[in-house]
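Hi,

Here is the structure I promised to send over.

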Amino acid sequence: MNKLKEKGGRAIYVLGFPKSGNTWLARLLSEVTQSNILAEDPVNTADNSSDRKGDFTIHKEHVARDEQVLLKEQVVYIIRDIRDVLVSGFYHNHRWLNDEKINNNIIARLYFYAQIKRLNNKWQGSYWNEIKHNAGLLIKRMVGYNFEKIRIGNWSNHVNYWSSKDFVVVRYEDLLKDTKHELKRILSELEINANDTIIEDAVKKQSFAKKKQDFIDAGDELNTKFLRSGKIGAWRNLLPPNVVEIIEKEHGAVMNKYGYKLEHDQGEK
């Protein structure tokens, strides 16, 4: 991995909450710059090649393992509707289920509802878990333990914290609706020159449909399953109103801030 970083030269970080489109955006930047992605799993590095001799290394991260290093680099922060994030997170962990089974089987549907609530609570965290985490860090500091600072928190905390930095910020929904336009904007803010032909070619090669078919043709079951649908608003066909209300109660303020329309009135805060 270190050799790859040295070979790639300049670093570009793609940062975002899990299931926010990080992998897709990293692949787009990798395609445009003809640079490899630095990651530990085959899903993110599927397109890496010794033929790619770009001037960059694309890092895909959900957390900052060294925040001070990150703040000195070029970073693109991607945001996605928490309701779609939760559905995507569920399917990432339960690839044997699909929309049809959930909608037509009461047991599968109840299991889905329970797991969505569990996932939201897990990412939401609790005061007790926060106390234990901070106490652990304090003990490590006292004994001189050298650890990496990792900040992820829940969706709202993650988005509020990292979007306030001097990073390029993009919504997944905007990137999906007009990929060429948003990619051109990102590249411009990163001060990377690429003509329309290069950008259009990258968008075409890294489109959801094209990549999924490529993986199917190659017999790559892991990546085929990883690319599920990538649609906007898929949560509408799966999440019942009471579950949506719970999610919006937890994250409504930040959802409003970034233009995600709420289904339920949050009342006075």
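Let me start with helix H11, whose buried residues pack against helix H2 (22-33) and helix H10 (179-189). Here, buried means under 20% relative accessible area, exposed over 50%, and partly exposed in between (1.4 Å probe, protein chains only); helices are DSSP runs (H or I, at least four residues), as are strands (E, at least two), numbered from the N terminus.

This is a predicted model, in which local features need pLDDT of at least 70 and side-chain atom pairs count only at pLDDT 80 or more, while totals for chains, interfaces and linings use all residues. Residues are numbered from 1 along each chain as its sequence is written, and side-chain values use heavy atoms, with hydrogens and water left out.

H11 covers residues 196-205, and its buried residues are Ile-199, Ala-202 and Val-203. Viewed down the helix axis, they fall within an arc of 100° and so line one face of H11 (the arc is taken from the directions from the axis to the C-beta atoms). Thr-197 and Lys-204 are exposed on the face turned away from that buried side. At the N-terminal end, Asn-195 caps H11, with a side-chain oxygen 3.1 Å from the backbone nitrogen of Thr-197.

Now for the nonpolar cores, meaning sets of buried Ala, Val, Leu, Ile, Met, Phe, Trp, Tyr and Cys residues joined through side-chain atoms within 4.5 Å. The largest has 35 residues, and Phe-112 and Trp-155 are among those touching the most other members. A second, separate core of 26 residues includes Val-14 and Tyr-172.

Best wishes

Definitions and conventions
Contact = heavy atoms within 4.5 Å. Polar contact = N/O pair within 3.5 Å; in protein donor to acceptor, adjacent residues only side chain to side chain.
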